[in-house]
Amino acid sequence: MSAFALVLSLSSAMVAPRVAVFGGSGFTGSRVCKTLVEAGCSVTSISRTGRAPAWAEKQPWSQQVNWASADALGAEPMTSVVGNIDAAVSCVGNMRPSPEWEGFFGLHWDYDTMVRENGEVNKVIAAAARRAGARRFVLLSVCSSKKWAYGGALEGYIDGKENGEKAVLEAFGDGGTCFVGPSLIYGGGRFTGFGKLLAGICD
């Protein structure tokens, strides 16, 4: 079953599924919000900014999203922000290199930070979604077969995502869980030099 089929299996003729999208202001999360709104869901985006991204601010679908602010690892619980939901999608993750510019192509990723912000944060999110009544959970994860494709540079990212998967499974079980594991998502203005290289290769 696909990620959106899993979420939309909750729908009925009378009531729109209530879906929380964690990380809904991000590159992928905002597009998930758009897709869910167009599918007839009642959507709440939960992110640190609590705002629609610039590209979406004036689009009609964006006006139908409840843009809310919360920090999964912050001191304040997310319960009041999440409200009552039927399903949740987490697009939360961190691939940002640390300020120490060394190592892999001049970049360095801090292992502990990556594990915390990709694993622990999704554990907290899964627990909050469960408390809010969600019966389905979709996690944007990663293709773990790529773990060593970059010389282990992103080991913490992938280990964190795998920890997140385990936490979601514990909270929702096999029947209520879907993992999406892409090898690469590129966009949102990061690593612009890489984008130009990728565009040149694809053209």
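This briefing covers the fold, the sheet, the packed helices and the nonpolar cores of one protein. The model is predicted. The protein has six helices and six strands, and 42% of its 203 residues count as buried. From the N terminus, the elements follow the order α-β-α-β-β-α-β-α-β-α-β-α.

**Overall figures**
- The accessible surface comes to about 10,800 Å², and carbon and sulfur atoms account for 54% of that surface.
- Taking contacts between residues at least 6 apart in sequence, 67% join residues at least 24 apart.

**The sheet**
- The six strands make an open sheet with parallel pairing, ordered β3-β2-β1-β4-β5-β6.
- β3 (66-69) and β6 are at the edges with a single partner strand each, so one side of each has no neighbour in the sheet.
- On average, neighbouring strands of this sheet are turned by 15° against each other, direction ignored.
- Strands β4 (residues 87-90) and β5 run parallel and are joined by four bridges.
- Alanine 87 is opposite arginine 136 of β5.

**Helices on the sheet**
- Helix α2 (residues 27-38) lies across β1, β2 (42-47), β4 and β5, and runs at about 170° to β1.
- Helix α5 packs on the sheet, where it touches β5 and β6, and its direction makes about 175° with that of β5.

**Helix α5 in detail**
- Helix α5 (residues 155-172) has 18 residues and should span 26 Å at 1.5 Å a residue; its end C-alpha atoms are 26 Å apart, which agrees.
- Its buried residues are Gly156, Tyr157, Ile158, Asp159, Gly160, Lys161, Gly164, Ala167, Val168 and Phe172.
- The cover over these buried residues includes α4 (111-131), β5 (136-140) and β6 (177-180).

- In soluble globular proteins, nonpolar side chains tend to be buried together.
- The largest nonpolar core holds 21 residues, of which Phe22, Met78, Val82, Ile85, Ile125, Ala129 and Phe137 touch the most other members.
- At least two residues of this core come from each of β1 (18-22), α4, β5 and α5.
- The most is given by α4, with five residues.
- Beyond its neighbours within four places in sequence, isoleucine 125 is in contact with Phe22, Ala72, Met78, Ser90, Val92 and Phe137.
- A second, separate core has 19 residues, among them Val19, Ala52, Trp67 and Val138.

Terms used
Residues are numbered from 1 along each chain as its sequence is written. This is a predicted model: local features need pLDDT of at least 70, side-chain atom pairs count only at pLDDT 80 or more; totals for chains, interfaces and linings use all residues. Side-chain values use heavy atoms; hydrogens and water are left out. The expected span of a helix is 1.5 Å times one less than its number of residues. Buried means under 20% relative accessible area, exposed over 50%, partly exposed in between (1.4 Å probe, protein chains only). Contact means heavy atoms within 4.5 Å. A nonpolar core is a set of buried Ala, Val, Leu, Ile, Met, Phe, Trp, Tyr and Cys residues joined through side-chain atoms within 4.5 Å. Accessible areas come from the Shrake-Rupley method with a 1.4 Å probe; for residues, only the protein chains shown count as cover. Two strands pair if DSSP finds at least two bridges between them. Axes are lines fitted to C-alpha atoms, for helices over the stretch in contact, and angles run from 0 to 180 degrees between N-to-C directions.
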